[in-house]
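Morning, everyone. Let me put the model up, and then we'll walk through it.

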Amino acid sequence: MKDGRGSGPVIGASPDEIASLVTLHAERYSSWSVAAFHREYRDRHGGKRSYSWVRRHLQAAGLALKGVRRVGRRPSREQPLIEGVLLRQEAIRSDWVPNGTWDLVVTLDEATNRVYSGFFVDEHDLWAGFCGVRETVLSKGFVAMIGATWVPDCRSSPRPTQFGRAMAELGVDVVPTFPKWGRSDRNRTLAVMRNCLPRQLRQAGVGERRHANRFLNRYWPKFNGAFSAAAEGERFEPVLPDMRAAMDGVLCLKERLQVDVDNCVAYVGRELQLPARGKPYRRGREVEIREFEDGSMEVWCGRRPLGRYSADGCLVQCYDPDEERNL
């Protein structure tokens with residue numbers, strides 16, 4: 001038997017070897033591309049056969065289709081694969097481990113399917129969306145657009161959502177849909193995560209969410225090596241130091257409210273006393289409330305912060321120079 005691509009004659013494959021190959025793919029790598037499976041077959045399982053030999057026998061067994069392109073490839077090569085133009089963020093809910101139903105929030109590149117951020121949360125919400133964007137921006141840089149099929153918001157308002165407002169402040173456009181050429185690749189990539197990641201977690205003996213997230217830190221580089229396409233260029237914009245420092249003030253909830261009587265602001269069932277005993281703000285003046293993931297808040301007037309508050313609305317730090325710095 002010849003084993004492809006000028007490798008010369010090799011020992012003929014026995015029926016047991018072919019059956020072992022087919023069983024390995026069917027039981028553990030059914031959603032993987034042939035190229036990714038071949039790398040695991042050679043590196044992890046000590047296989048000696050070439051890619052063409054593996055593909056031919058998988059096709060004969062009906063486990064691989066002829067003419068199916070790899071994950072991360074576009075049906076057309078008219079345009080180069082440029083990384084950092086359009087991100088997408090997806091939330092996949094599944095039983096990842098026994099008695100562990102979580103949301104996997106992944107932020108990845110639309111062109112190459114490279115995962116920049118991925119973690120498990122109990123339930124996908126606005127803060128998970130913010131976290132995925134933060135990790136991507138701080139590790140790679142700013143992109144032009146981000147697409148999401150969900151609208152992560154906890155306020156009903158005719159104004160733009162909190163997610164859309166935050167992205168606008170970062171200079172990132174939010175698009176509700178994706179280009180049609182990316183849909184099959186996206187669905188296949190998510191199917192790989194849904195089908196293969198539970199097996200990987202089970203093999204690693206992972207049972208708790210915090211351990212699963214630590215596992216993902218090691219998993220994503222391998223996943224990207226197996227399933228992402230090689231980029232021909234990138235368009236990430238660098239993150240300046242002052243923008244890194246200001247990230248918390250962007251990826252948060254913001255509401256503009258009016259000062260009420262007794263120099264207070266009513267916000268979601270809490271009365272925030274403004275720290276301005278020397279020069280009280282006039283009733284009706286507008287201030288901005290910023291709420292962070294831990295429930296703490298800040299009150300801003302224009303570009304000047306007035307005070308920081310605990311989750312229950314108590315003033316814990318005053319930014320007014322006429323007041324004590326710490327209360």
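First, is Trp 53 buried or exposed? Keep in mind that this is a predicted model. Trp 53 has 0% relative accessibility, so it counts as buried. You'll find Trp 53 in helix H3, residues 51-60. Now look at Ala 13. It sits 40 residues from Trp 53 in sequence, and the two C-alpha atoms are 10.0 Å apart.

Now the overall picture. The protein has 8 helices and 14 strands. There are 327 residues, and 47% of them count as buried. Take the contacts between residues at least 6 apart in sequence: 60% join residues at least 24 apart. The accessible surface is about 17,300 Å², with 50% of that belonging to carbon and sulfur atoms.

On to salt bridges. The count is 14. I'll show three of them.

Start in helix H5, residues 162-170. Arg 165 and Glu 169 are 4 residues apart there, so about one helical turn separates them. Their side chains form a salt bridge, 3.4 Å from N to O. Arg 165 counts as buried, at 17% relative accessibility. Glu 169 counts as partly exposed, at 38%.

Next, Glu 208 and Arg 210. Their closest N and O atoms are 3.1 Å apart in a salt bridge. Glu 208 is partly exposed, at 40% relative accessibility.

Last, Glu 288 and Arg 290. This salt bridge comes in at 2.8 Å, N to O. Glu 288 counts as buried at 12% relative accessibility. Arg 290 is buried too, at 12%. What are they linked with? Arg 256 and Glu 286 join Glu 288 and Arg 290 in a network of salt bridges.

Conventions
Residues are numbered from 1 along each chain as its sequence is written. This is a predicted model: local features need pLDDT of at least 70, side-chain atom pairs count only at pLDDT 80 or more; totals for chains, interfaces and linings use all residues. Side-chain values use heavy atoms; hydrogens and water are left out. Helices (H or I, at least four residues) and strands (E, at least two) are DSSP runs, numbered from the N terminus. Buried means under 20% relative accessible area, exposed over 50%, partly exposed in between (1.4 Å probe, protein chains only). Contact means heavy atoms within 4.5 Å. Accessible areas come from the Shrake-Rupley method with a 1.4 Å probe; for residues, only the protein chains shown count as cover. A salt bridge is a side-chain nitrogen of Lys or Arg within 4 Å of a carboxyl oxygen of Asp or Glu.
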